[in-house]
Amino acid sequence: MQEPSHFVSDQFYSKKVRELNVRSIRVAAPEASIRSCAERMAKEQVSCLFIGPSEKEIIGYITDLTLRDQVLARGLSPDLAVSQIMESDLLSISPEASLVEALLLMFQTKARYLLVENQTGYLGWISRTKVLTEQSQGPFMFIQSVKEARQISELADKWARMPQIIHLLISRGMKAALVNQIITTVADTITQRVIERVIKEIGPAPAKFVFFVLGSEGRGELTLKTDQDNAIIYEDKANEHREEVRAYFLNFATRVSTALDLIGIVFCEGELMAMNPKWTHSLSHWKRNYDSWISDASQETAMNYSTFFDCRAIYGELSILNELKNYMGELLVNAPERFFINLGHNALQYQAPLTFFRRIRSEEIDGEKQLNLKQTMRPIVDLARVYALKYRIGETNTNSRINLLREKGVFTAKEAQELTHAFDYLMALRLENQSRYILDQHQKPKNYLKLKDLTKVQQVTLIEIFKVIEEFQARIKISFTRSL
């Protein structure tokens, strides 16, 4: 595969204005008050509002800077007609023009915005910031471009570009943990944009709420093969409003998950999503859930609900999830011994894939020997979780849990280093393998790695990693049979 070291800049020089998903035009009448225009810009979250009798007849525009420089700085009344402060140096560009042409035009004229116009009229507008973000190769500028996206098609395009970016970052030696954070941040941002869009469509929520994520996203360890794991907590309401509130959030969650699926963050096969009535509840109901899971403490419960101990808020009232986590912490102080024993058993379900002769144990799939990288990492994730819960560490990220456990003296410095190195190596291999499935083979990403694709050095490294996992599983077996 061709090294994509300059893939973003190369795309920039060949990309057309029409490929940008131009913003739709909002028009205010010339006689409208400055106040009403500012209120509309705030409500619709736009930095530019065009002025004119109609979309076909635009005579000017105002921006955030116009309001600052022409109104606030001069002390003008917000009740004046917007035509008195509008800027009239309108510029337009063809949708077939290149982004380079658009950027040069804006730099030459000091314009921050361009109308996109063809023979039939105006199609929309673009900003200098939007064009500049398309030029950057850096992941942080890419994240900024995701933050500025609003349309579903635009968000889908951003998510589709992730495999190229991840392959680039891994090939340049970026640590897997940082790559995970970039994927997670992009997924979080996309979800936040979708939530804002849905609230705009159906109206504000009838109660305070928090939208939170679970599992790998809750741990900040997303890969390219990811699905939705999310839930909603809303504040308790009086009996007469309960059904109304619940109906709103189930409708809200269904719209959010459907949009995410269209973007490429697909539905959870196990239906662990807020659109499932099982996972959208009031705070008091969620407290009863955790109370039940911890007090029941059966092995089946440990298997089914352990992912709910890896939760992280991404939108709404963060204090609601914090209250639930504090309640969880109180429950863990008095948790029955069998709760931790069963979580320990959970961490022993997936054995390190080593044969008796210390070779890699593989699965036969489509006539080829393959290794499930996700399953090989699971013992480390489960191990870190059970010790974190026992020692009441609130962090959900696996590496962070291991480091905090080292600080508490639960793991030695060497043990923590071995675990984090093992986890990071497996994660990097997994991310690179997934990106190649997409870029080279034009297939959906998989967690399976073909043994024939491994170098001898990689095989030796994996065998040593699996030995580390075996040693820690043996430690868990001893610790949890005697109980922590």
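# Briefing on a predicted protein chain

Q45 is partly exposed, with a relative accessible area of 45% (buried means under 20% relative accessible area, exposed over 50%, and partly exposed in between, with a 1.4 Å probe and protein chains only). The structure is a predicted model, in which local features need pLDDT of at least 70 and side-chain atom pairs count only at pLDDT 80 or more, while totals for chains, interfaces and linings use all residues. Residues are numbered from 1 along each chain as its sequence is written, and side-chain values use heavy atoms, with hydrogens and water left out.

**Overall architecture**

- The protein chain contains 19 helices and 13 strands (DSSP runs numbered from the N terminus, helices being H or I of at least four residues and strands E of at least two).
- The C-alpha trace of the protein chain spans about 80 × 60 × 40 Å along its principal axes.
- The protein chain has 484 residues, of which 49% count as buried.
- For contacts (heavy atoms within 4.5 Å) between residues at least 6 apart in sequence, 71% join residues at least 24 apart.

**Surface and charge**

- The protein chain has an accessible surface of about 23000 Å² (by the Shrake-Rupley method with a 1.4 Å probe; for residues, only the protein chains shown count as cover).
- Carbon and sulfur atoms account for 49% of this accessible surface.
- There are 61 positive and 59 negative side chains in the protein chain (Lys and Arg count as positive, Asp and Glu as negative, and His and the chain ends are not counted).
- The centres of the positive and negative sets lie 4 Å apart, each charge being placed at NZ of Lys, CZ of Arg, CG of Asp or CD of Glu.

**Nonpolar cores**

- The largest nonpolar core has 112 residues (such a core is a set of buried Ala, Val, Leu, Ile, Met, Phe, Trp, Tyr and Cys residues joined through side-chain atoms within 4.5 Å).
- Helix α9, residues 176–202, supplies the largest share of this core, with 11 residues.
- A second, separate core of 14 residues includes V17, A102, M106 and V131.
- The residues with the most contacts inside the largest core are I190, F252, W286, Y290, F339, F411 and F466.
- With its neighbours within four places in sequence left aside, Y290 is in contact with F308, F309, C311, L324, M328 and L331.

**Positive phi angles in loops**

- Although Q45 is not a glycine, Q45 has a positive phi of about 55 degrees.
- Q45 is placed in the loop between α2 (34–44) and β2 (48–51).
- H442, also not a glycine, has a positive phi of about 55 degrees.
- The loop between α18 (413–439) and β13 (448–450) holds H442, which is exposed at a relative accessible area of 68%.

**Cysteines**

- The structure holds 0 disulfides (a disulfide is a pair of cysteine sulfur atoms within 2.5 Å).
- For the sulfur of C37, the closest cysteine sulfur is in C48, at 11 Å, which is too far for a bond.
- C37 is buried, with a relative accessible area of 2%, and C48 is buried at 1% relative accessibility.

**Helix α4 and T109**

- T109 lies in helix α4, residues 99–109, and is partly exposed at 37% relative accessibility.
- T109 and E57 are 52 residues apart along the chain, and their C-alpha atoms are separated by 22 Å.
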